[in-house]
Amino acid sequence: MTKKCLGCGAVFQSGNPLSEGFIEEENYEKSIICKRCFRIKNYGEYSIVNKAKEDYEKIFENIKNKKDLVLFLCDIFTLDDTLEYLNGFKGPVILVITKKDLLPKSVKENKLLDYIKKNYNLNAIGVIFVSSIKNYSLDRLKNVIEKYKTSNNVYLVGNTNAGKSTLINSIIKSYGKRDTLITTSSLPATTLEVMEIKIDDNLTLIDTPGLVTNDNYLTDLEPLEVKRISPKVEIKPRTYQMKPNQSLLVGDYARIDYLSNDKNSFTLYLSNEIKVERINLNTNDKMRNLNKTSFNLENNKDIVISGLLFCKITKNAEVNIYTKSNVKVYQRDNLI
C-alpha cells in the first residue's frame, strides 16, 4: 500500500536516503512522517531534496485550470510583479498577505491595501492580511473561505517560504479535527508534493509546493544563514541619515553606496539579527566584488533586495547596490 508523509506530502520509499519520502524499511508501517520531516521537526536539521523546478510548475499549471477557490499567499516582504500570477486562475482567488506581524504595528492595513490596488492590476475577489503565528485575522479568513469556496477543496499556492504550511497548521489547530500538523520551516521547499488536509466534513485544504525562484537571497544559503536572514519577530526599522560618499554594509550580504550630493534618509526593514554598518564610500571597498545594480531614484522610492530587505528612501538618490549575482534587486514606490 502506498503511503504519503503527513509532513511534506512525499510518497514513502525505502530505496534512496537522499530522495524525498525516505523511511527505513523497518519503520515503514508505523511511521506517519518521513525521516527528513522527522529531523526538521525534532532537530531543526534540514536536508535539501533535488526536485526540478519544472515539477513544481506542472503542479501549479494543473491548479490554474481548476474552478476551485485558490488562496494565493505572498509574504509582506516580497510584494512584486509575481503577484500578477494570480490572474491566471479560472476559479476565484483570494490574495492572502502573510507575516503581517513582522511589520511595525504603526503600519496600517488600509495603507498597504491602497498600495496593492494602486501598483498591481489583480483579479482577486479579496485581500486579507494574516499572521499565522498570532492567529491575526484567522477567523476572518475562515469566514471568507466558507463564503467563496466552490467545492470542499481549497488550494493554497504561492512562492516557496510564503507561509502556506504554517497557515494550514494554524487552521488545523483552530478549526480542524486532525492531530498531526504538517512540516514547517523557515527554509525553502519544505513541502514537496500536493497534500490534502481535511479540516472538517465541508473543507479540505490542499497545500502545494512553493514555486521556486532562483533570484531570492535565500537561494543556495546554508540553513543557519536562512534562519538568520528570515525575520521571526516584529522588525525594528533602522534609519540612517546619509551624507554624500557614505555606504551601508548589510552584514556580509549586501552593500548600498549613496552617490548623490545632498543629505538623505534611508530606512532599512530587515531581520533584527543582521548587523548594518555605515562606512566611508571612498575608503572601504568591502563587497565591491559582488554584482552591482545602479539606480537613479526619484522621490519616495524603495530599493528591494529580494529575500533580504527593503530600504525606504525619501529623496532623489543615485545608488549602487552590491549583492550576489543571482539576486533580484529592484525599485518600487514606498510601501510604508
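**View 1. Lysine 142 meets a ring.** The charged end of lysine 142 sits over the ring of tyrosine 175, 5.2 Å from its centre. To count as sitting over a ring, NZ of Lys or CZ of Arg must be within 6 Å of the ring centre and within 35 degrees of the ring normal. Lysine 328 does likewise, lying over the face of tyrosine 330 at 4.9 Å from the ring centre. Before you look further: this is a predicted model, where local features need pLDDT of at least 70 and side-chain atom pairs count only at pLDDT 80 or more, while totals for chains, interfaces and linings use all residues. Residues are numbered from 1 along each chain as its sequence is written, and side-chain values use heavy atoms, with hydrogens and water left out.

**View 2. Helix H4 and its two sides.** Lys142 turns up again here, as one of the buried residues of H4, along with Leu138, Leu141, Val144 and Ile145. They cover an arc of only 165° around the axis, so they sit on the same side of H4. (The arc is that of the directions from the helix axis to the C-beta atoms.) Over on the other side, Asp139, Asn143 and Lys147 are exposed. Buried means under 20% relative accessible area, exposed means over 50%, and partly exposed is in between (1.4 Å probe, protein chains only). Helices (H or I, at least four residues) and strands (E, at least two) are DSSP runs, numbered from the N terminus.

**View 3. Helix H3 and what covers it.** Which residues of H3 (residues 109–119) are buried? They are Glu109, Leu112, Tyr115 and Ile116. An α-helix has 3.6 residues a turn, so residues three or four places apart point the same way. Asn110, Asp114, Lys117 and Lys118 are exposed on the other side of H3. The cover over the buried residues of H3 includes strand E2 (93–98), strand E3 (126–129), helix H4 (138–148) and strand E16 (329–333); contact here means heavy atoms within 4.5 Å.

**View 4. An open sheet of 5 strands.** Follow the order E11-E8-E9-E15-E12, with antiparallel pairing. At the edges are strand E11 (276–280) and strand E12 (291–297), each pairing on one side only. From one strand to the next, the twist averages 20°. Within the sheet, 5 bridges join E8 (residues 246–250) to E9 (residues 254–258), and valine 250 stands opposite alanine 254 in E9. Two strands pair if DSSP finds at least two bridges between them.

**View 5. Strands E7 and E10 side by side.** E7 (residues 238–242) and E10 (residues 264–270) pair in the antiparallel sense over 5 bridges. Glutamine 241 has serine 265 in E10 as its bridge partner. Arg238, Tyr240 and Met242 make up the covered face of E7, while Thr239 and Gln241 make up the uncovered one.

View 6. A search of the whole structure finds 4 aromatic pairs. Rings of Phe, Tyr and Trp (its six-membered ring) pair if their centres lie within 6.5 Å; planes under 30 degrees apart count as stacked, over 60 as edge-to-face and the rest as tilted. One of these pairs is phenylalanine 77 with phenylalanine 310, tilted, at 6.1 Å centre to centre and 45° between the planes. The two are 233 residues apart, and both are buried. Phe77, Tyr269 and Phe310 form one aromatic cluster.

Technical notes. Axes are lines fitted to C-alpha atoms, for helices over the stretch in contact, and angles run from 0 to 180 degrees between N-to-C directions.
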